[in-house]
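User: I am new to this structure and would like a short tour. Could you show it to me?

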Amino acid sequence: MAVAMARRSRRFFTYTLACLPPPHRHCRSRLSHAPALHPKPACHSFSSLSTSQGMLHHLVSRLAINAPPSSSATRNLATVSRDDMEADGEVLLLRCLDTLKNYEKEGVPTGAGTDSADGFDLERMERLLVRLGNPLSAYPVVHVAGTKGKGSTVSFISSILRAAGLSVGTYTSPHVTSIRERISAGNSGEPVSAISLRKLMTDVQAIIDEAVAAESSSPTHFEVLTALAFTHFAREKVNVAVVETGLGGARDATNVISAEGLGVAVIVGIGCEHLAALGGTLESIALAKAGIIKENRPVIVGPQRDSRVYDIIEKVAAAKGAPLIAVSRSVVKFKTGILFTCTGHPYQFCDMLIQHPPGPEFEALQKEWKLGNVKLRALGAHQQDNALTAVSAVLALRSQGWQISDSAIRIGLENTEIPGRFQVVGSDSSKALGCHSARLILDGAHTEESAMALAKTLRDGFPSARLAFVVAMASDKDHHSFARALLTEAKPNLVVTTRVPVAGSYGRSCTSEELAECWTHTACALNHPYRYELGELSLDGGEQPSQLPSIASVDSQEIDACTSGIDGEDGQKNGELLIVLSVESIQGAIRSAAAELERRQLDSDQPLIVCVAGSLHAVAAALALIKDKQIQQ
């Protein structure tokens, strides 16, 4: 069978999985809001709290979850301005969050994500949830941690569960264009509506205010947003929530899920990011991520580049009696490249195969699971890893009695679209930003691992293309490792560095000149011949592409041109110089990149690619430009 499958022009996977426990009763009974799929327990209500929690707790629960706005809240609303009354829920939410400590904007303190005295205070988060009525008691949770791929894996899992007919709550971070994207609930996968947010904020604002006043150290921006998401899921009566950690795992605000409430934990690829906040070493990062593992609950571990990571997770799982399911690729043969529909939407085909070794410990799992000819809209080999990790998590749920068909898995995988992850922008929107001949791609890659995945996807999909990167990054990232990965694996012809705000502020934003210096130093260390051009192009006034100067005519400063190794193995093809250009405006950066690629195009059939990368904040800035252009038209 394997030989026959290998003859087909597809990519297929074999994964080896460890054991799962017998099905847990609570994983059926906790799905109380899906009577068509699971038997409803005799008594299961979010507002039914144990007597040990006290009458005050019960009243708070009713206010936060089940009851309409109180009379006092109504009186307070009567005193605000008409503009406040008409403000949508996103505005009300942001007004609340803007008063709190925002580590996304300011940077995370040293050791804050470690399970130590320096770590975030999870008890503060637990007290906040008690005030809100313990919303996590209303639904089971799939908890996802890792360095790269956790957002995509959350998207795949959520899409599959929705395709199975479940109402799904999804919580991710960061967002791309609107904070509402972080929270969704129901069957559609759409971001929480402004109307729902307004009602939520009206109902619980007083409780949040009380919690902030009562704590000696105020709840943070992320803690309050997380608590609001959990509360929204309970109000919407979701069957299950799929939750992405924000930082690490052990002391992340999402890590307040009980063992009873955890359906499955998922840990995707781990690398060196947020080093200071997570202990300073790869081992400390792995230990922090493993903090989401709960006693006797299954944990899925996605493919890892470093065996030390797996060893640490395995030890933590063993100590907690948590069955570990290791997703490791053992056979990879054939795949399709990136294909495009007649309307220009990209996709890739793959065949999926998961096998379990024989033995009584695997009785709860299928011996073999396979799904052929899957049409993924999420592109790249790394997304196939994420898809298989998601499927492994779903199969772990299915072994516990969850009714999730292979058809639902296929539909969920094929319906998954992930904004900002190798997002191919449409032709009209690309042209509006000055990419007339070039294809515009947006990708939030910002680590060495994600840069390598991006480079591979670009070169697999467009092997003969001339390539320009537009790069904007936060100041606390590893810029040199990111640049080195793209220079060695993607071999761009042009890099344009720029600057965008991070979480609404330039406090953590690296300047375009600093990034350009990093790229030139990295290129020189790799013996890449390069030329650095300092071009200050202010294009926010809406200049047309024809008005743009080429690099050759920009007022520039050539510095430290490294011309050794032109014919060496690491040098650019045919000794062509890598052009590094610094442009402060991202609009000017995109237009300059496209104009220079078009000027240097060898023939009219050669593909041109402009790829915005370095952070999801850069992606958000590009998407905001596209939206502005659409509004103007």
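User: What pairs with β11, in which sense, and over how many bridges?
Analyst: β11 and β12 are antiparallel partners, joined over seven bridges. Two strands count as paired if DSSP finds at least two bridges between them. Strands (E, at least two residues) and helices (H or I, at least four) are DSSP runs, numbered from the N terminus. The model is predicted, so local features need pLDDT of at least 70 and side-chain atom pairs count only at pLDDT 80 or more, while totals for chains, interfaces and linings use all residues. Residues are numbered from 1 along each chain as its sequence is written, and side-chain values use heavy atoms, with hydrogens and water left out.

User: Which residue of β12 stands opposite F349?
Analyst: That is K375.

User: In what order do the strands of that sheet come?
Analyst: The order is β10-β11-β12, an open sheet of three strands with antiparallel pairing. β10 (339-340) and β12 are at the edges with a single partner strand each, so one side of each has no neighbour in the sheet.

User: And what holds strands together in general?
Analyst: Strands of a sheet pair through backbone hydrogen bonds, either parallel or antiparallel.

User: Which strands does β14 pair with?
Analyst: β14 (residues 439-442) runs antiparallel to β13 (residues 423-424), with two bridges between them. With β19 (residues 608-613), β14 pairs in the parallel sense over four bridges. L442 of β14 is the bridge partner of Q423, and in β19 the bridge partner of L442 is V612.

User: Changing topic: which residues of α8 are buried?
Analyst: In α8 (residues 122-131), the buried residues are L122, R124, M125, L128 and L129. Seen down the helix axis, they fall within an arc of 155 degrees, so they line one face of α8. The arc is that of the directions from the helix axis to the C-beta atoms.

User: What covers them?
Analyst: The cover includes α10 (194-214) and α11 (221-235).

User: What caps the N-terminal end of α8?
Analyst: D121 does, with a side-chain oxygen 3.0 Å from the backbone nitrogen of E123. After α8 comes G133, whose phi is positive, near 95 degrees.

User: Which residues of α15 are buried, and what covers them?
Analyst: A408, I409, G412 and L413 are buried in α15 (residues 406-415). Their arc around the axis is only 125 degrees, which puts them on the same side of α15. Their cover includes α9 (150-163), β11 (346-355), β12 (368-376) and α14 (381-399).

User: Where is D252, and what does it contact?
Analyst: D252 is in the loop between β5 (240-244) and β6 (262-267). Apart from neighbours within four places in sequence, D252 is in contact (heavy atoms within 4.5 Å) with L122, F222, T245, G246 and L247. The side chain of D252 reaches the backbone nitrogen of L247 at 2.7 Å.

User: And the whole chain: how many helices and strands?
Analyst: The chain has 21 helices and 19 strands. Of its 633 residues, 56% count as buried.

Terms used. Buried < 20%, exposed > 50% of the residue type's maximum accessible area, 1.4 Å probe, protein only. Polar contact = N/O pair within 3.5 Å; in protein donor to acceptor, adjacent residues only side chain to side chain.
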